[in-house]
Amino acid sequence: MGPESTLSILVVDDNPLNVKLLETTLVKEGYSIHKAYNGPDARKIAADKKPDLILLDIQMPGESGFDVIKTLKNMAITASIPVIFLTGVSEIDAKLEGFELGAVDYITKPFHPLEVSARARLHLKLSIATNSLIRSQAEKLQQISDAQSAMLTTPDKYPDAKFGVHYLSLHEAGGDFYEVLPISDGIYGYFVADFSGHDLSTSYLTSSVKGLLKQNCSPIYQPLESIKMINDVLVEILPSGKYLTASYARLNRKTKQMKIICAGHPPVCYVPVVGEPRILEMDGDVIGIFKNVLFGQQTLTVNPGDRFYMYTDGLIESSDKKIVWSEGAGLMLAACTAAKGIPLADAPLHITRLLQPDSAALEDDIVIMAIEI
Amino acid sequence: MDLKALGENLGLEEDEFIEIVEIFLDTAYADVQKLEDAYVSKDVQAASEAAHSLKGSAGNLGFMDIANLAAKLETEARKKIISSIQEAIPLFNTLLGLIKDKI
């Protein structure tokens, strides 16, 4: 069983091959799957498990897909679950009847698994937006208060996320913060950010951002969409002149894909097991100022043992030595490369000491997070 | 026939695809048996259903020779013609055998 945010899909088809094909594809995308090979089982599982979406074959021996959807739409407990039909190319009447009975979409057979997963994502989004507006608003308030009581996520809370962190706040209401988000089984989000200014409102806003992260970083949103949605809310609620720079990384350990979003933040350092360490240089607007924003995005295929380092500018900027982070990133990469043999948990502190041997000389907050594949 | 390429086309790793092909072979051989039974008992409805099932699963995985042949049988069976089944059976078995040899 994955984290509680995992979305579930019921796949119904009398052909075990289709069920297996859909299961393999959808599990990789982070969904949990329930399976049924006939109508009566489908109805029973839908009522018991209340999946977030149902993929339903029409042509099944005995009880057809039409019979199943009629029953589901007549039961309060299953009526709002979106249903996508699987149907043959030539069955125009069947498609129309499917819509008539309350299906949200159809997919023609033979289907391409990646098309199914794209449509599933679309309809889950629509369903969440339309059916759960009130519930999600209530949850949002709850999430914000939850976030306030648990400010810092430590590596022992999510051992599968495999990260190490060094966090130092010089000000009572620190401007820097980080978050690690369990998105689904094998999928984690990593967020490192820096608020402009150090006034008291910053710490209050930090809790709001953590609440927004929890709400918007889910398997159905691409990382870029998540950060854009958070930006759109912050544009509305941040005091004038206040903004946020951030790096957001989403790692899918099953597909070995790392997606990184840059929002006006110092670049992530990538230290692969094989190959040259490098700075993932990207342009990107800051969060919370503009409604129409462009964020930097990169997707990397990663290998076990590779490391990523996300950090805030306190470690590499110095007004004393007149170093700005464009130059400082080179120093950071050298320090991250030097930490290659150091255990993950100790690497962030090791790098801090390499870059700033005299901790009393620190001028700003520090966050440095190491992520290992 | 390149199983790795067919799998990649579906967004699947080679080992995931092979597992799916094994299920395909089970259902496909069962469908071919149903076709044969339908031919013997002159049951056009059963022939059409078995051909439909074979067409769908072969088409989904990209085994187009099998899918096209099954589609032809399905169309004919709907017109109550099942004479082609007799010569199609050994052809299906050969094509399925080629896939079986690859995994």
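Predicted model: local features only at pLDDT ≥ 70, side-chain atom pairs only at ≥ 80, totals over all residues.
Chain A has 373 residues, and 42% of them count as buried. Its secondary structure comes to 10 helices and 15 strands.

Q: Why is Ser127(A) called partly exposed?
A: Ser127(A) has 18 C-beta neighbours inside 10 Å. A residue is buried at 20 or more and exposed at 12 or fewer. The count of 18 falls in between, so Ser127(A) is partly exposed.

Q: What makes Asp52(A) and Pro82(A) contacts of Ser127(A)?
A: A contact needs C-beta atoms within 7 Å. Ser127(A) touches both Asp52(A) and Pro82(A), leaving aside residues up to four places away in sequence. For Pro82(A), the C-alpha atoms are 6.9 Å from that of Ser127(A), although 45 residues separate the two in sequence.

Q: Where in chain A does Ser127(A) lie?
A: Ser127(A) is in helix α5, which covers residues 113-131.

Q: How many residues of chain A are in contact with chain B, and which elements give two or more of them?
A: On the chain A side there are 14 residues, in contact with 13 of chain B. The elements giving two or more residues to the chain A side are α1 (16-28) and α5. The largest share, seven residues, comes from α1(A).

Q: What classes of residue make up the side of chain A that touches chain B?
A: That side of chain A has seven nonpolar, five polar and two charged residues.

Definitions and conventions: Residues numbered from 1 in each chain as written. Chains lettered and ligands numbered in written order. Helix = DSSP H or I, 4+ residues; strand = E, 2+ residues; numbered from the N terminus. Nonpolar A, V, L, I, M, F, W, Y, C, P; charged D, E, K, R; others polar.
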